[in-house]
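These are my notes on one structure, kept in the order in which I looked things up.

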Amino acid sequence: MALNILAVSSEVYPLAKTGGLGDAVSGLAAALSSGAARITVLLPAYQGVTRHVDRMRRIATLTGLPGGDAELWSAHCPELDLPVLLLKNDALYERSGLYQKPDGAEYEDNAIRFAALSQAAARICEGILGLQRPHVVHAHDWHAALVPIYLRQRHVEDVKSVLTLHNIAFQGIFPMSLASQLGIEEAYCSSDGLEYWGQLNFLKGGIRYADLITVVSSNYAREILTPRFGCGLEQLLAQRRADLISIPNGIDTVLWNPQADEFLSGEGFSVECLEKKRRYKAALQKSFGLDVMPGSTLMAMGSRLTTQKMADVAMAAIPRALDAHADLQVCVMGQGEKDLEQGLLQVAERYPGRCSVHVGFDEPQAHLLHAGADVLLHGSRFEPFGLTPLYAMRYGSVPIGSRVGGMADTIIDPGSGASGAAMRGANGILFDGERAEDMLGAIHRVMALRRTPDLWRAVQVNGMKTDYSWERSAPAYLSAYQALRPDVMLGRIPERRNAMAGARGWKPVLPASLRAAPVAGPSTGAVMGRAKRKGLEVGSAISAREPSAA
Ligand code: ADP
Ligand code: GLC
């Protein structure tokens, strides 16, 4: 009997995605499945989701969920080769957006929509005819954070819960008056439960009651224990530190493979034939309507256009960078806050042929962005992990990132004063601060680096060669699951993804074991006693280098 895991998420690429959450959930599930564990992902049957599944089978009607009865369907996602469970209630989920209306306003019933998802998960844990009960339920972010509470309310004790924090800036805060409609018992609505300044806070409830909490990078795990990054939950997180571990995300190296990228035409490129990247640069310039200048430095930005992602700062820094460097070109793809979209479009108007902005998002274009760009600009006020810079690195595009969250773990930069020899070990550029000057300083550094071709090549190659695959991180999740359910046998570490990647000519390194890094407090450096007692391997950092203290 392999470990049976139920992952519960509002996003799973390619079925539903608005950002990195969808990528992370599918990448992890694909890396864990086959052999070591059996992963099934539960998500809402949003509009269009069924396009990505086959073998659909109705399992049950779940009566009395928040928002009314819902159907549970089992299916298979061929793109991920994974079993999925779809929660179908068209009144709740058959809409054009995942969370928002076309005008950007949140759906008024999001509390009900995602409480229903969590309650469905708890019912599955309790047992549904025709479905195997999971040994562990793995909830992702606030949308699934009520799972541990519903498990308690239903007295399901043997199924252990893991809550992964991808971004604690989003907590799912709703009026307390909804509690009974959501089926949350009064006992859980106190300040010791999910009450937060008189309201219901889904994420707080999850953090309070999950058996284990994981955070997607070591640095973010430390940061969220501080008032600056804790978003009001730092004290609760500190209380639960014994059950808090960090496991860094990985990237899907089959999907994001410059040698065989299904979204790109042509023969691809690798470290050995990097000159072939030029072809993608020209394609990117053309697709954005930029002048085709092979000798330029093409800097791309591809992210949600929000203040989290410093789109406001980029809006001020980009024109100054374009004025300072005649050989710089900029392309931006993303969508988000309307005023930021508009502001960036106006910048592009001022620099025809040199700056172009596409408001919107599409997956093939995101791949071309990394394949064709020389540089990725990825400022962030906080960044729990940051998958985008890793995609960029894999395609030989050098990232400029803020020294926050996961980027401080994954981007290696000896600093602005570093010698050429030290820079040979770098894979990107980091900057501190949130002002246009701070971002501009980093752009100047990258432009200087471009003028030393052998150094530039070294930095590019470092990024391309670093292994940030899920195969590196997935074993840490397996040992966490196993520690929660030592009674269940673990299968072999999965090799399917490696076999697939190998068949396409690229062989990732698969370490025999990987340790989950404990979260040291910002001041105390305490080691997680309880996690250790539970059998989690602690004491060894996963990151490429020791991250800076928060
Ligand atoms: P975050 O999850 O905070 O947005 P990540 O860098 O971890 O940051 O992941 C971003 C992912 O979302 C990437 O796969 C990126 O290509 C994608 N993405 C960026 N902007 C959008 C958007 N507007 N809509 C959908 N996906 C997007
Ligand atoms: C969130 C974070 C991002 C992270 C992603 C996947 O969206 O903002 O930093 O990479 O989740 O964990």
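I counted a polar contact as a pair of N or O atoms within 3.5 Å; within protein, one must be able to donate a hydrogen and the other to accept it, and residues adjacent in sequence count only if both atoms are side-chain atoms. The model is predicted, and local features need pLDDT of at least 70, side-chain atom pairs count only at pLDDT 80 or more, while totals for chains, interfaces and linings use all residues. Residues are numbered from 1 along each chain as its sequence is written, chains are lettered from A and ligands numbered from 1 in the order in which they are written, and side-chain values use heavy atoms, with hydrogens and water left out.

**Ligand 1.** I took a residue as near a molecule if one of its heavy atoms lies within 4 Å of it. I found 15 residues around ligand 1, and Gly20, Asp23, Arg304, Lys309 and Thr388 come nearest. I then looked up polar contacts. A backbone N or O atom of leucine 387 is 3.0 Å from an oxygen atom of ligand 1. Arginine 304 places a polar side-chain atom 2.8 Å from an oxygen atom of the ligand. For threonine 18 I noted a backbone N or O atom 3.5 Å from a nitrogen atom of ligand 1.

**Ligand 2.** Here 13 residues lie around the ligand, with His166, Asn249, Glu383, Phe385 and Gly386 nearest. Polar backbone atoms of phenylalanine 385 and of glycine 386 each lie 2.9 Å from an oxygen atom of ligand 2. Proline 384 has a backbone N or O atom 3.4 Å from an oxygen atom of ligand 2.

**Second largest pocket.** I worked on a 1 Å grid over the protein atoms alone: a cavity is a set of points where a 1.4 Å probe fits but cannot get out, a pocket is an open set with protein on both sides within 12 Å along at least five of seven lines, and lining residues have an atom within 4 Å of a point. Grid points are joined across faces, edges and corners, and a volume is the space filled by probe spheres set on the points. The second largest pocket holds about 440 Å³. Its lining has 19 residues, and Arg278, Lys281, Asp374, Arg450 and Gln460 lie nearest its centre. By class I noted 7 nonpolar, 5 polar and 7 charged residues. α9 (277-287) and α17 (453-465) each supply at least two lining residues, and α9 gives the most, with 5.

**Second largest cavity.** I counted 5 cavities of 30 Å³ or more. α1 gives the most to it, with 4 residues.

**Single residues.** Is glutamine 171 buried or exposed? I call a residue buried under 20% relative accessible area, exposed over 50% and partly exposed in between (1.4 Å probe, protein chains only). Glutamine 171 counts as buried because its relative accessibility is 6%. Its side chain reaches the backbone oxygen of isoleucine 168 at 3.0 Å. Cysteine 125 is buried because its relative accessibility is 0%, and cysteine 189 is buried at 14%. I searched the whole structure for disulfides (cysteine sulfur pairs within 2.5 Å) and found 0.

Methods. Nonpolar A, V, L, I, M, F, W, Y, C, P; charged D, E, K, R; others polar.
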